[in-house]
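My entries follow in the order in which I made them.

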Amino acid sequence: MKYRRQLPLLRPVPERVADWRDVYQRVDEQVIHEQSSRCMNCGVPYCHNGCPLGNLIPDWNDLVRVGDWERAAEALHATNNFPEFTGRLCPAPCEAACVLGIGDDPVTIKQVEVEIINRLTDGGPLRPFTVATPSGRSVAVVGSGPSGLAAAQQLARAGHATTVYERSDAVGGLLRYGIPDFKLEKRHIDRRAAQLAAEGVSFVTGCEVGVDVSLAELRERHDAVVLACGALDPRDVPPTPGRELTGIHQAMVYLEGANRVVAGSLDAPPIDAAGLNVIVVGGGDTAADCLGTAHRQGAASVQLVEVAPLPPPQRDGGRDPWPTWPTMLRSGSAHEEGGERNFGCAVRRFLGDDEGRLRAVELVDVLVGPGFTLTEVEGTVREVPADLALLAIGFAGTQPGPHLAQAKLTRNRRGTIDADADWQTEAPGVFVAGDARRGPSLIVWAIAEGRSAAAAVHQYLGGGGRLPAPVTPASMPLSAR
């Protein structure tokens, strides 16, 4: 009743597009005090239901309100292994479920969360937790994204010798090379990985399970295996004339090269948008990451092409009633930096020059019908100059590979790996969690599934007591449908 919702300030556009650092400014403590005090400490806090981790949001909001940052950090870590990731990358379904949001602007939960962990890490490295007496059992975790790291940390703290196998040259999975530094500086991953190592987690990088070591070998070496290898099988455009032209790339290939340059492992990006007219096909987070990256590389122009129609500016209570996640127009920092967004639009064909290089894209406005059928709007065909086209239209499940065949596992019709009620696959002792099981989803779901799969593995290994398990394989987001 006293304070209005106030979001953190972004650094000025001319300044931030000239570097790769975090786009947000640090927030004054008085502002955070005011924002946390907007929390009503509801008798039935629906923010708990909006977040699959079950974060104790009213608890740490009140602790921040009174300035007890240390206890606020304890309450935050009670349910979330990596608040520095979720506070920066999660779209905050908890805020959509905030009771205050029924008749007012919801609490800036995400902002308070990230400031709690910021103030904790201002004091130095993250303190390792006390680890239980060694159990004598060992676990392999395949993949070091948020799901794999969460599972590994929970298992190590329970006393199990845990080894994380990562095919890339550094820990972090998609967080490392799939997400630009202006959204997540990699020092946050390094700091958390150091904590896990201090708690006994071993990391084996540059090791692709199924190629460098077989899944059968891992099963022989360890008492259990957790597959947390994500859902990175990229979707392609439907059969489209000109798709074979040079200059059309998957978004993740583009982003990885750019992020490796920032990390210092490459001198120049394999795909550079400098001076080019760029078309990004897609309208989600990956498309926005491409947009922000192209700005920083010095693209001449950038256009986003999305088949979905322009969403409403606010929640449509009839379609998406509180506390469900609403479909509405969302603009991130990259959208504010420039570029043009084309809604209700599709690529008709890619046009090339005499040497087989992309020179333009033919666009057309479309209406989306049942079953996602597209109908072209007459008279809207136009040609847009394009030297580089990036496909950011989502993922078709976990990537196929020899590791699945080695465990006699197959992908289901969604491209993911099935699990029973205890997170175990059809292969005995092999568990699965995160996007590899759920499909492309939010980082909070990845961490929640990693924690829950770790609890199931702990029980499978005969561990004493129970580890926290915030979700089951049957858990779903809040939905009105």
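I began with Asn 41, which lies in the loop between α2 (29–36) and α3 (47–50), where helices (H or I, at least four residues) and strands (E, at least two) are DSSP runs numbered from the N terminus. This is a predicted model, in which local features need pLDDT of at least 70 and side-chain atom pairs count only at pLDDT 80 or more, while totals for chains, interfaces and linings use all residues. Residues are numbered from 1 along each chain as its sequence is written, and side-chain values use heavy atoms, with hydrogens and water left out.

I noted that phi of Asn 41 is near 50°, a positive value in a residue other than glycine. Asn 41 is exposed, with a relative accessible area of 56% (exposed is over 50%, buried under 20%, partly exposed in between, with a 1.4 Å probe and protein chains only).

Ala 92 is buried, at a relative accessible area of 6%.

I recorded a cis peptide bond from Trp 322 to Pro 323, with omega near 5°, and placed Pro 323 in the loop between β7 (301–305) and α15 (333–336). For context, most residues other than glycine have a negative phi, and most peptide bonds are trans.

Last, I checked which residues of α5 make its contact with α8 (heavy atoms within 4.5 Å), and found Trp 69, Ala 72, Ala 73, Leu 76 and His 77.
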